[in-house]
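Subject: Structure handover

Hello,

Here is the structure we talked about, with its sequence. My notes on what was found in it follow below.

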Amino acid sequence: MAILSQTLFPVTATPPSSLFSLNRFSRSHHHFAYFSSSPTEKLRATAWRFAFATKAKSVATMAANEEFTGNLKRQLAKLFDVSLKLTVPDEPSVEPLVAASALGKFGDYQCNNAMGLWSIIKGKGTQFKGPPAVGQALVKSLPTSEMVESCSVAGPGFINVVLSAKWMAKSIENMLINGVDTWAPTLSVKRAVVDFSSPNIAKEMHVGHLRSTIIGDTLARMLEYSNVEVLRRNHVGDWGTQFGMLIEYLFEKFPDTDSVTETAIGDLQVFYKASKHKFDLDEDFKEKAQQAVVRLQGGDPVYRKAWAKICDISRTEFAKVYQRLRVELEEKGESFYNPYIAKVIEELNSKGLVEESEGARVIFLEGFDIPLMVVKSDGGFNYASTDLTALWYRLNEEKAEWIIYVTDVGQQQHFNMFFKAARKAGWLPDNDKTYPRVNHVGFGLVLGEDGKRFRTRATDVVRLVDLLDEAKTRSKLALIERGKDKEWTPEELDQTAEAVGYGAVKYADLKNNRLTNYTFSFDQMLNDKGNTAVYLLYAHARICSIIRKSGKDIDELRKTGKLALDHADERALGLHLLRFAETVEEACTNLLPSVLCEYLYNLSEHYTRFYSNCQVNGSPEETSRLLLCEATAIVMRKCFHLLGITPVYKI
């Protein structure tokens with residue numbers, strides 16, 4: 001941004017008990033935007049403006065009694081909202097445009113309303129001569145606040161805001177006393193469903209399930225941190241035609257199905273392949289399998305029992321993977337919604353949405369070349385029937401306001417179609433930003449280092465358990481090479497290897513924009529340099545080591561110590577810590593875990609610069625700097641938690 005001119009406005013700090021109040025300029029008549037043409041209009045305008053100024057002062061006083069929520073951008077937006085309403089009272093719909101300054105050279109935050117506001121008011125008899133004058137008026141009407149050190153107007157009306165280092169330090173002190181949860185963002189939604197992972201019964205979880213499971217878990221964790229009630233849903237594929245061949249094959253291999261155990265069946269994936277092979281080659285078996293589907297869906301107790309046995313064995317295997325990844329889910333698979341489908345299809349039919357087409361029942365949707373099939377020509381249901389029913393259930397029975405589906409980008413059209421059908425039915429508002437709302441969180445493929453879909457040398461998909469085993473093994477070998485097997489107990493070595501190995505796999509996925517493909521490389525993800533989980537976990541452990549070596553009781557210091565941000569690198573680190581809440585809110589709003597990963601990596605970089613230039617232990621500023629170290633470690637741990645990564649405390 002080219003700086004043409006700058007006008008500096010110091011903002012007088014108020015006593016610490018007050019967040020902000022109206023400054024002495026705020027009711028001055030020459031800061032209002034318009035002149036009225038008649039005495040009556042002038043009288044009316046004056047009365048209205050006096051009423052608004054009184055109301056604005058009330059709003060400011062009310063906000064003064066609020067605790068700092070941790071979201072700097074929102075707090076500044078409140079100040080500029082008051083200023084906007086005082087400066088241009090005839091434009092009440094204008095929202096404050098506040099953003100973090102990219103370079104930080106001229107300020108910590110910017111308010112960018114002046115140019116847009118000028119384009120609105122310039123033809124309406126305004127007194128202002130251009131955007132810079134609008135910017136200066138906004139600053140003069142800005143309530144004084146202990147959080148703002150100064151404001152300057154630059155170029156075509158950009159307002160640069162410098163925060164008070166004293167206020168920043170006090171805010172971090174409060175977090176150290178009251179906990180990082182006081183920095184949790186506040187979202188407008190109260191209950192959300194996150195539909196993720198969703199493997200198919202009788203098939204092993206493979207690398208293709210990795211992204212949905214990891215991304216979905218992180219989104220759920222971020223929403224939960226933001227005080228949203230999250231229903232974590234595992235929409236497993238536990239219903240469909242494949243169960244006919246599985247059940248029939250089970251009967252052939254084990255006539256006494258009551259005695260069937262997980263050990264007897266062995267590898268469920270091999271069992272599935274064997275049943276599929278027979279289904280493809282043996283016409284008699286194929287016919288029996290098709291009849292088995294009819295009996296299963298008709299409620300035959302023998303077939304239902306066999307189906308339940310297969311599902312239970314699968315669930316046991318899934319649970320082992322989820323436990324290793326520390327992912328929590330509640331299963332509500334396709335079969336759960338089956339009893340509701342007919343009722344939902346009838347509701348759609350009663351609204352005139354369902355039509356006959358080539359023997360099937362479909363919903364025609366504007367903008368799509370093909371209709372959405374909801375009942376097949378043989379009378380059976382499909383994915384669309386189940387997904388529409390699940391959406392109906394989540395809206396009407398579970399009362400969810402936001403429903404988030406985490407699947408690969410290849411399913412985008414399916415979601416676009418059934419979301420549009422739901423809008424056509426009146427279940428969802430036409431505006432996709434209004435609640436209740438739905439979002440498809442798509443993600444790209446996991447590629448091998450050859451640039452092709454990640455597979456084993458035998459061209460099979462990579463089993464998730466094998467991938468996790470190798471990550472842990474490689475991590476342990478790296479620790480042994482550094483001699484940690486001689487310093488630590490076997491339990492410590494194993495736990496650290498697991499935390500680092502699994503954390504490396506998760507972070508390597510989450511740090512990428514989820515819409516893109518990414519290359520899976522153990523060598524890269526387990527590198528202890530650069531933007532990797534290993535580097536970040538070690539950075540956290542180093543901070544913990546510095547605090548331990550001080551010999552100080554950090555818990556006592558948190559209660560009694562004082563923090564100062566006098567050095568430029570102290571201030572930069574403190575500012576980045578205070579941007580945590582708005583970062584989490586941005587990651588939630590845009591459903592992008594990579595935003596949080598970028599924040600975490602930048603936090604470690606800010607800390608490295610601080611530690612390189614500011615002696616901690618043994619310095620006159622030791623107490624303050626130890627508190628800054630502790631605040632950094634706390635925020636890092638919260639980031640790790642939101643990403644599903646277990647922190648390590650020594651290296």
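Which strands make up the open sheet of five strands, and in what order do they stand? The order is β10-β9-β8-β14-β15, and the pairing is parallel. Please keep in mind throughout that this is a predicted model.

The five-stranded sheet

The edges of this sheet are taken by β10 (330-331) and β15 (437-443). Each of these two has a single partner strand, so one side of each is left without a neighbour in the sheet. For β15 that partner is β14 (residues 402-408), to which it is joined by seven bridges, with the two strands running parallel. If you want a place to start looking along this pair, W402 stands opposite R437 in β15.

Helix α14 (residues 412-424) lies across both β14 and β15. Its direction is at about 175 degrees to that of β15. The loop between α14 and β15 holds P436.

S198 sits between β8 (191-195) and α6. Its phi is near 50 degrees, which is a positive value in a residue other than glycine.

The three-stranded sheet

There is also an open sheet of three strands, in the order β11-β12-β13, and here the pairing is antiparallel. As background, strands of a sheet pair through backbone hydrogen bonds, either parallel or antiparallel. β11 (354-357) and β13 (372-375) are the edge strands, each pairing on one side only. From one strand to the next the twist averages 45 degrees.

Four bridges link β11 with strand β12 (residues 360-363) in the antiparallel sense. Within that pairing, E356 has R361 of β12 as its bridge partner, and S357 stands opposite A360. The hairpin of β11 and β12 has two residues between the strands. In that hairpin E358 takes a positive phi, near 55 degrees.

V362 has M373 in β13 as its bridge partner.

Helix contacts

The crossing is left-handed. On the α6 side the contact involves M222, L223 and Y225, and these meet F580, V584, A587 and C588 in α22. By class, the residues of this contact are seven nonpolar, no polar and no charged.

E570, L573, G574 and L577 of α21 make the contact with R625, L628, A631, T632 and V635 of α24. What is the make-up of this contact by class? The contact of α21 with α24 has five nonpolar, two polar and two charged residues.

Aromatic pairs

How many aromatic pairs does a search of the whole structure find? The search finds 24. One of them is F336 with Y340, a tilted pair with 6.2 Å centre to centre and 40 degrees between the planes. Both residues lie in helix α12 (residues 334-350). They are four residues apart, about one turn of the helix.

Regards

Conventions
Residues are numbered from 1 along each chain as its sequence is written. This is a predicted model: local features need pLDDT of at least 70, side-chain atom pairs count only at pLDDT 80 or more; totals for chains, interfaces and linings use all residues. Side-chain values use heavy atoms; hydrogens and water are left out. A crossing is left-handed if the near helix is turned anticlockwise from the far one by less than a right angle, and right-handed if clockwise. Contact means heavy atoms within 4.5 Å. Ala, Val, Leu, Ile, Met, Phe, Trp, Tyr, Cys and Pro count as nonpolar, Asp, Glu, Lys and Arg as charged, and the others, Gly among them, as polar. Two strands pair if DSSP finds at least two bridges between them. Axes are lines fitted to C-alpha atoms, for helices over the stretch in contact, and angles run from 0 to 180 degrees between N-to-C directions. Rings of Phe, Tyr and Trp (its six-membered ring) pair if their centres lie within 6.5 Å; planes under 30 degrees apart count as stacked, over 60 as edge-to-face and the rest as tilted.
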